[in-house]
Amino acid sequence: MHQFPNIILYAIPFFIIAMVVEVVYTVRLNLKSYQTKDSVTSLSMGIGNVLLGFTSKAIVIAAFYFVYDNFRLFTIPVTWWSFVLIFFADDFSYYWFHRISHQCRLFWASHVVHHSSQHYNLSTAL
């Protein structure tokens, strides 16, 4: 089975370069949008999220394989339109996950740290 690369791992160097550019830009304009303590906290949370993600994704993938092999009702063919369909289905599901993360206390407990920074910058976004 072909495994797709984890594009987030490839995006991290670009985020780091963009953060460095943003820091240089904001320092030159004296915007004070970065605080070392704040940025280190945000980046540490991001690193922890990536590390914990490996474990949780392995469990979810194993469960998906079990359900797929034993209980699937249909198979989506590998065609151009199926990728379009799946793209929008994934975006739709992420929208609802993110919205619920703002409305349900259980989900908000893990999502609130993303909103805890005093300054919104790329270290917070990452």
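Me: Which helix does Ser101 lie in?
Reply: Ser101 is part of helix α3. Bear in mind that this is a predicted model.

Me: And is Ser101 buried or exposed?
Reply: Buried: its relative accessible area is 2%, against a cut-off of 20%.

Me: What is Ser101 in contact with, leaving aside neighbours within four places in sequence?
Reply: Phe107, Trp108 and His111.

Me: Let's switch to aromatics. How many aromatic pairs does a search of the whole structure find?
Reply: Five. One of them is Phe92 with Trp96: the ring centres are 6.4 Å apart and the planes sit at 65°, so this pair is edge-to-face.

Me: Why edge-to-face for Phe92 and Trp96?
Reply: Because the angle between the planes is 65°, and anything over 60 degrees counts as edge-to-face.

Me: How are Phe92 and Trp96 placed along the helix?
Reply: They are four residues apart in α3, which covers residues 80-103, so about one helical turn separates them.

Me: What about accessibility, is Phe92 buried or exposed?
Reply: Phe92 counts as exposed, because its relative accessibility is 56%. Trp96 has 37%, so that one counts as partly exposed.

Me: Which aromatic cluster does Phe92 belong to?
Reply: Phe92 forms one cluster with Tyr95 and Trp96.

Me: What does Tyr94 pair with?
Reply: With Phe97, in a tilted arrangement: 6.2 Å centre to centre and 45° between the planes. Both residues lie in α3, three residues apart, which is about one turn of the helix. Phe97 counts as partly exposed, at 42% relative accessibility.

Me: Where does Arg72 lie relative to Tyr68?
Reply: Arg72 lies over the face of the Tyr68 ring, 4.1 Å from the ring centre.

Me: New topic, α1. What span should that helix have, and what does the model give?
Reply: Helix α1 runs over residues 7-28, and its 22 residues at 1.5 Å each should span 32 Å. The C-alpha atoms at its ends are 32 Å apart, so the two agree.

Me: Where is the kink in α1 centred?
Reply: On Pro13, and the kink is about 25°.

Me: What follows α1?
Reply: Asn30 comes after that helix, with a positive phi near 55°.

Me: And where is Gln35?
Reply: Gln35 sits in the loop between α1 and α2, the latter being residues 36-71. At 40% relative accessible area, Gln35 is partly exposed.

Me: How far is Gln35 from His119, in sequence and in space?
Reply: They are 84 residues apart in sequence, and their C-alpha atoms are 8.1 Å apart in space.

Me: Now the whole chain. How many helices and strands are there?
Reply: Five helices and zero strands, giving the pattern α-α-α-α-α along the sequence.

Me: What radius of gyration does the chain have, next to a compact globule of 126 residues?
Reply: The chain has 19 Å, whereas such a globule would be near 14 Å. The C-alpha trace spans about 60 × 35 × 25 Å along its principal axes.

Me: What share of the residues counts as buried?
Reply: 12% of the 126 residues. Ser101, at 2% relative accessible area, is one of the buried residues.

Me: Last one: what share of the contacts with a separation of 6 or more comes from residues 24 or more positions apart?
Reply: Those account for 54% of such contacts in the chain.

Methods
Residues are numbered from 1 along each chain as its sequence is written. This is a predicted model: local features need pLDDT of at least 70, side-chain atom pairs count only at pLDDT 80 or more; totals for chains, interfaces and linings use all residues. Side-chain values use heavy atoms; hydrogens and water are left out. Rings of Phe, Tyr and Trp (its six-membered ring) pair if their centres lie within 6.5 Å; planes under 30 degrees apart count as stacked, over 60 as edge-to-face and the rest as tilted. Helices (H or I, at least four residues) and strands (E, at least two) are DSSP runs, numbered from the N terminus. Buried means under 20% relative accessible area, exposed over 50%, partly exposed in between (1.4 Å probe, protein chains only). A charge sits over a ring if NZ of Lys or CZ of Arg is within 6 Å of the ring centre and within 35 degrees of the ring normal. The expected span of a helix is 1.5 Å times one less than its number of residues. The bend at a residue is the angle between axes fitted to the seven residues ending there and the seven starting there. Contact means heavy atoms within 4.5 Å. The radius of gyration is taken over C-alpha atoms; the globule rule is 2.2 Å times the number of residues to the power 0.38.
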